[in-house]
Amino acid sequence: MPILDNNIISTDKITFQDILLRQLKANVVSHPSKASLHDWSEALSHTVRELVANRFIHTMDVHHKNNAKRVYYLSMEYLVGRLTEDTMINLGVQDYAREVLADMGVDLDDVLAQEPDMGLGNGGLGRLAACFLDSMATLEIPAVGYGINYEFGLFRQSFKDGRQVESADEWRSFGCPWQIVRPEITVEIPFGGHIETVALPDGTTRSEWIPESKVLGVANDIPVQGYGVGTVNFLRLWAARASKDFDFHAFDSGCYSEAVKEKVESETISKILYPNDNTESGKKLRLLQEYFFVACSIADILRRHLNSNPSVDNLSEKLALHINDTHPAIAVAELMRVLLDTHGLDWDKAWAITERSCAYTNHTLMPEALERWSVALFETLLPRHLEIIRGIDERFRKQVGSRWPDDEAILQKLSIIDDKDESVRMAHLAIVGSHSVNGVAALHSELLRKSMFPEMDSLFPTRFNNKTNGITPRRWIRTANPALSCLIDKSIGTGWTRDLEQLARLEPLSKDESFKEEFRAIKQANKVELAKIIKERCSLVVDPAAMFDVQIKRLHEYKRQHLNLLHIVHLYRCLLDSPGLQIQPRVFIFGAKAAPGYVLAKHIIHAINLVADVVNNDPRTRDMLKVAFLPNYNVSLAQRIIPAADLSEQISTAGLEASGTGNMKLALNGALTIGTLDGANVEIRDNVGAENIFIFGHTADEIAQLRQRGAGPVEFIKRSADLRAVLDLLASGAFCRGGANPFVPLLDSITGKDPFFVCADFDAYCLAQSKAALAYENAAEWTRKAILNVARCGAFSSDRTIRQYAEQIWDVGHSFVWS
């Protein structure tokens with residue numbers, strides 16, 4: 001693998017300084033003596049982008065000349081975070097930037113802090129996609145990511161009286177130096193209308209879609225620089241624009257709103273990520289978004305293909321079209337539509353190309369999370385696609401009928417169109433239309449095959465496979481934890497950044513007192529920095545010597561932030577009931593956003609903040625317990641929390657978390673995991689050793705048995721005096737500020753149906769927490785376990801994951817840019 005050294009990139013400190021000052025003057029129009037931190041941030045981003053630019057152009061030229069097979073990765077979100085520092089590290093110029101700015105009296109860290117996180121993603125799905133882009137570039141795999149150029153992203157979170165408040169995340173309010181607008185790459189996307197049957201000269205007929213309206217998609221590119229290589233891939237994001245921005249006649253007639261109606265309606269498509277779909281208009285917008293970006297992307301993919309190939313006949317040999325979760329599943333129908341209607345292929349040939357081209361990653365074990373859209377909505381927005389999906393479903397039903405004759409139940413279970421509620425099952429469409437279907441952790445993939453889609457697995461015995469998720473060490477150690485990176489470099493060299501398995505060489509150092517002391521000092525320094533952030537954002541003083549117990553992830557009931565809350569209340573009650581009781585001091589740290597329409601999740605946030613308010617201000621307990629809920633959790637904040645964590649909360653209901661990647665990031669930075677045997681926790685336990693992780697709770701099989709026998713919370717509440725006491729304390733109003741008890745919705749959920757078995761796992765969780773607290777008291781032993789977690793997590797690199805995708809699913813090789 002060719003390495004990109006400073007000679008190849010032709011950059012030294014003087015060159016870097018010259019480019020930076022030129023960008024400051026020419027692009028930002030500022031002088032070094034008067035430049036603000038924002039000015040320096042803009043100039044620095046443009047400097048780094050300039051260093052990337054030639055490699056970007058050269059990479060595309062090499063891929064085009066070689067007619068390389070490319071990966072086209074379709075994802076609804078990319079949680080990129082900040083890009084400048086990561087790109088500098090991948091280029092190897094971060095030290096130049098620090099020195100040049102320091103010479104001018106400017107601190108690099110202050111400059112980097114000015115860059116907003118890109119509002120292109122929400123949770124693990126988007127962060128995984130961003131890690132994959134980094135790994136594909138680093139491994140020099142020709143690839144393009146496709147998504148939507150959201151104007152406002154998800155939302156900016158704040159708290160008022162403990163409740164989540166959403167406001168617009170105006171991340172592009174001052175532009176984005178990393179985005180390259182490509183107005184020459186504009187795609188016209190049709191919606192609505194009807195189908196007409198057209199007679200052909202040979203006596204056959206074909207369907208012609210007569211759309212009601214059209215929207216333009218304009219390409220915006222973000223370069224993705226690989227680590228230590230010449231390859232620069234890119235992320236192409238589509239922004240929606242009206243086909244007619246302004247109706248002058250309507251304006252001239254006094255109809256001012258009508259004059260811009262089409263512009264407003266069209267551009268709504270790329271306004272925000274995941275609009276609330278609790279309403280019919282919300283559902284419509286979600287489907288519009290999904291089709292818009294998929295249709296733009298497939299049109300672009302075909303354009304690129306035909307630039308180097310005479311026809312679409314070899315399409316599946318030249319591309320791998322990857323569907324990241326069910327959001328882009330409409331790609332199966334859209335690719336069929338283009339091959340049938342635009343390129344005139346017959347059904348069988350079009351289907352063969354589609355099936356060989358498409359691969360699908362499933363990211364959920366929750367049936368309600370597998371998207372389905374009503375047939376009526378499809379009929380209104382995408383009538384031609386509905387016609388094609390009916391054709392796919394009709395042929396698939398025949399296949400099912402041949403395998404299970406006269407079994408109506410299986411036919412109804414597997415069909416793409418659900419006859420009972422007249423809906424299109426998008427996951428079924430993706431499974432049937434793809435040559436590969438993978439889960440993202442060993443347990444997840446097993447449950448997909450055995451529990452969720454056993455008949456599909458039987459029908460397609462070679463289709464289902466596992467590709468355990470991974471994370472990029474460039475972002476999650478090099479960028480996030482520079483002090484730990486330096487210690488590792490000093491101890492085993494720098495090769496681990498490209499080959500994470502080399503971290504295994506740290507294992508003998510877990511017994512080296514000098515190394516342990518340095519490791520512990522780095523963790524403590526990271527905790528001191530996080531304590532400053534907590535004070536700044538939560539107005540809360542915490543002790544960095546306390547255990548930092550961290551749960552940072554999307555707020556959802558199955559992730560069970562409310563189980564964590566019950567344990568906090570349990571500790572608080574124990575301290576009140578036993579004055580003088582000494583426990584391991586802890587700071588419980590939360591970071592999470594709840595979807596605006598997810599009412600109970602927002603109640604959980606409110607409940608945590610109410611408990612925090614009481615616990616943090618009670619003089620009887622505040623030296624031993626603190627609770628901090630950091631608002632507006634994002635990638636940049638994660639990069640500050642993760643290196644400081646002592647205990648990593650991975651406590652989802654077993655059998656519901658597909659994989660998780662936060663568990664990997666935290667373990668790789670020396671946090672010990674407390675968790676259920678769910679998702680990738682199973683593989684983390686297998687790698688780090690059962691003695692270096694705190695596993696508790698019912699297994700996936702046991703949860704399934706509880707669910708099957710209809711086990712409710714009452715039996716577990718009766719068994720547990722501690723649980724009863726916690727629930728009584730919450731119900732008593734002890735954490736309320738007067739008025740109606742805001743804990744009622746949460747308590748009703750826990751004591752009513754308790755769909756995520758919080759009560760069933762409560763006692764086991766508290767026991768595991770006691771074991772973790774006892775282990776933390778022995779600092780030397782805890783440090784040894786933390787080092788072993790780092791040393792044994794080399795398998796969880798996204799480089800490993802992408803190699804497996806490339807070899808086993810995409811059948812795509814490397815395309816070295818520098819020889």
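## Helix α4 and its surroundings

Helix α4 is followed by G92, whose phi is positive, near 80°. Helices (H or I, at least four residues) and strands (E, at least two) are DSSP runs, numbered from the N terminus. The model is predicted: local features need pLDDT of at least 70, side-chain atom pairs count only at pLDDT 80 or more, and totals for chains, interfaces and linings use all residues. Residues are numbered from 1 along each chain as its sequence is written, and side-chain values use heavy atoms, with hydrogens and water left out.

S45 belongs to helix α3 (residues 37–65) and is buried, with a relative accessible area of 2%.

## The nine-stranded sheet

An open sheet of 9 strands is arranged in the order β5-β8-β9-β2-β1-β10-β11-β15-β16, with mixed pairing. Its edge strands, β5 (180–191) and β16 (464–466), each pair on one side only. Two strands pair if DSSP finds at least two bridges between them. The twist from one strand to the next averages 25°; axes are lines fitted to C-alpha atoms, for helices over the stretch in contact, and angles between N-to-C directions run from 0 to 180 degrees.

Strand β2 (residues 143–148) runs parallel to strand β9 (residues 232–242), and 5 bridges join the two. In this pair V144 faces F234 of β9.

Strand β11 (residues 358–361) is covered on both faces, with C358 and Y360 buried on one side and A359 and T361 buried on the other. Strand β10 (residues 319–324) pairs with β11 in the parallel sense over 4 bridges, and H322 has A359 as its bridge partner. Strand β15 (residues 436–439) also runs parallel to β11, joined by 3 bridges, with A359 opposite S436.

## The nonpolar core

The largest nonpolar core holds 272 residues, of which L44, M136, F292, L321, F378 and W810 touch the most other members. Such a core is a set of buried Ala, Val, Leu, Ile, Met, Phe, Trp, Tyr and Cys residues joined through side-chain atoms within 4.5 Å. Helix α11 (residues 280–308) gives the most to this core, with 12 residues.

Among the residues that F378 touches are L287, I330, W373, P383 and V424, not counting those up to four places away in sequence.

## A pair of helices

Helix α24 (residues 561–577) packs against helix α25 (residues 599–617) at an angle of about 20°, with the axes 10 Å apart. The two are therefore roughly parallel to each other; angles under 35 degrees count as roughly parallel, over 145 as roughly antiparallel, 65 to 115 as roughly perpendicular and the rest as oblique. The contact includes L565, I568 and Y572 of α24 and I604, I608 and V611 of α25.

## Two residues with positive phi

S539 is not a glycine, yet its phi is positive, about 50°. This residue is found in the loop between α23 (513–538) and β17 (547–552), and at 69% relative accessibility S539 counts as exposed.

D811, likewise not a glycine, has a positive phi of about 50°. D811 lies in the segment after α35 (798–810) and is exposed, with a relative accessible area of 60%.

Technical notes:
Buried < 20%, exposed > 50% of the residue type's maximum accessible area, 1.4 Å probe, protein only. Contact = heavy atoms within 4.5 Å.
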